[in-house]
Amino acid sequence: MSSNAQKTKTVERYNWLERWTHTFHAIAMLVLIFTGLVIYFGWDIMTFHNARLLHMIMVPVLILTNWCLVPYGILSHGWQEGGIKGIVRHFYYSYIFNMEDFRRLKGMILNFFGKQEKYPAFTVYNQATGHYKTKLHPMFKIFIVVEGMCIFLIFITGIVLYKVDWAFFGLPIAYWLTTIFGWFSPILNMNGLQFARWLHLALTYFFIFELICHAFILEFDSKVFKYWKSIFIDGKEYLDSPVVEVINEEEHH
Amino acid sequence: MASEKLNMIEQFKNLDILKVDRRTFLKAVAALGATSFVSIYGNQLVKALEFSETKVLWLHGAECTGCSVSALNATAPDFVDALSALNISLVFHETLLAQQGIFVDGKLVGTSDLNAEILLEELAEEGGYILVVEGSIGNGPDGTGKINMIGNHTFKDIFAKTAKKADAIIALGTCATYGGITITDCATRKYCDFMGVNQTENKKGGMMQVLGLNKPVINLPGCPIHPDWFFLTVAAVLLGKIDVSDLKGVLDSIGRPKVFYPPNATLHDNCPRRGFYDRGVLDKRFAEGGCLWKIGCKAPYVHSDCALRKWNNGTSMCMQVGGPCIACVEPIFPNGAMPFYVETESAGVLFGVNLGTISALAVGAAVVAAGVHAVRRINKEK
């Protein structure tokens, strides 16, 4: 098979589990943001109780997708690539912003301002192994790690807002969290509970910001637009795309 | 819910208060309030205390005397009846005692019956009292304490002398507990250096740490304090229901009795206007009748039982009369509660700019960037 012929081959970019995980993750995030703002602003769109109920339903959906299905995807892909080493390698190349990503991002910025002709390919597919070396847009790699931390923070602040004395198997989790928030809250001249509420709102705004960047800056691009279809519907990757580089390495290093 | 509460109150009306454990005692105190508690158990309290008079030495530092006024406004029992019922000898209280500080040629004259300075010296020498501190303690300028003079003594010295021989200390009001109004951010704050008894704002230590003292301290913040909080705390201490040598289980992390400042609930939970919040009726201006959160009510961040206990002989409270909670029982008061009539989330955080504005700018910039990026990429494609 010629090189060109190989490049036109279609491979699977996102499997069905990844597509459903992403879809549920997106729905949960959107509903949580919307209902959170309804609760905060007292919008007349729906009742407080319905907003709160929807909010509370979507919390486990988000946590299940973000803390169970996403790690499962990382682990299963990595395992297929080569056991424990494969997991570490897969995680590093797929999700951690490294020097290669920095070069790609720099190239993208230069391309945007007309200083570089070629838009750098950010997806690298290894034909020899049948696995991706890296897949995500470099900017999104930054976002995905920050988002993970923000989801953790909004979850723990949410616990305190949900019930100020929430306990799990007798462990006073909410009390501990409020105490921990109280270590940082004096920076903003607040008490622990006040800080938790403030941070919860601040993170909500961050997710709106991130959503716009993720969906409309990174993906609202004629060259990568097809990934909308890929992530939600067919999961296909077209290796002849200008943002994809196909390599032939026996093993990643 | 209401019937459960009534049942609980009925249950607490028939206790042998001298035999119950601390937990039941505190529950009864919380459920009944000072008014009912002392009137129901007055005889038992007197019986328990009839052989043990307790001295209370009440000092005034940097303050407005509002906490004394609030205590004096107690009803059924009133201030005098409560002292009598609890067998308290109020041996010193600057705004109530008859004595004055009398100096002749710079020297104290007369006896403790006439001269407050001599009385205080004698009491401090004797010891064995509960020290009530109302108002913060000035440490400035430069650690001298001279910003806060009473007679020819600094209040810092008076506190040091009296605290040394106290059995326990009750810091009364937010000025005494965390600094309160006297540490409002201003040009002279650092110079005055006012401190709470064992905590200043969120910083633990207070004047006790400066003086190297180690005594049991109970913080009763509030601007002013509720009379119940004071008298019931004193009653619990006198009856041994609060062991001052082991306050850990009774007080929260900032030294307040959990029974009055419940860590597991906020004032917002029991607010009479809570129903409006739940319906999303959030007032934008005063006197609209709904929830006061958007006009600065801090009740969602505040731990106190104001909404259950209520003020003015149990008839009303701040939010009930249209005033947003200003978090006066919290260490952040007043700096972290200001502006009082602006919700915390809308108060300035970064160079005076609030979270909403920062977020609107960020989201707006992202939208513009997305548009520009899309146009640019489409043009490039062509």
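**Exercise 1. A helix pair in chain A**

Starting from the left-handed crossing in which H5(A) passes H7(A), describe the geometry of this pair and the residues that form its contact.

Solution. The handedness convention calls a crossing left-handed if the near helix is turned anticlockwise from the far one by less than a right angle, and right-handed if clockwise. The model is a predicted one, in which local features need pLDDT of at least 70 and side-chain atom pairs count only at pLDDT 80 or more, while totals for chains, interfaces and linings use all residues. Residues are numbered from 1 along each chain as its sequence is written, and chains are lettered from A and ligands numbered from 1 in the order in which they are written.

Step 1 is to locate the helices: helices (DSSP runs of H or I, at least four residues) and strands (runs of E, at least two) are numbered from the N terminus. Helix H5 of chain A covers residues 138-162 and helix H7 of chain A covers residues 192-218, and their axes come within 9 Å and cross at roughly 150°. H5(A) is therefore roughly antiparallel to H7(A), a label given to angles over 145 degrees, whereas those under 35 count as roughly parallel, 65 to 115 as roughly perpendicular and the rest as oblique. The axes are lines fitted to C-alpha atoms, for helices over the stretch in contact, with angles from 0 to 180 degrees between N-to-C directions.

Step 2 turns to the contact, which requires C-beta atoms, placed from the backbone, to lie within 7 Å. Among the residues that H5(A) contributes are Phe140(A), Phe143(A) and Leu153(A), and those it meets in H7(A) include Leu203(A), Phe206(A) and Phe207(A). By class, the contact has 16 nonpolar, 4 polar and 3 charged residues, where Ala, Val, Leu, Ile, Met, Phe, Trp, Tyr, Cys and Pro count as nonpolar, Asp, Glu, Lys and Arg as charged, and the others, Gly among them, as polar.

**Exercise 2. Chain B and its side of the interface**

Summarise the build of chain B, and identify which helix gives the most to the side of chain B that touches chain A.

Solution. Step 1: chain B holds 13 helices and 15 strands, and its C-alpha atoms fill a box of roughly 100 × 60 × 35 Å along the principal axes. An automatic or database assignment gives domain 1 (2-238), domain 2 (267-346) and domain 3 (348-382), and the centres of domain 1 and domain 3 of chain B, taken over C-alpha atoms, are separated by 55 Å.

Step 1: the contact between the chains takes 34 residues from chain B and 30 residues from chain A. Helix H13 (residues 355-381) of chain B gives the most to the chain B side, with 14 residues, and that side divides into 17 nonpolar, 10 polar and 7 charged residues.

Definitions and conventions. Two residues are in contact if their C-beta atoms, placed from the backbone, lie within 7 Å.
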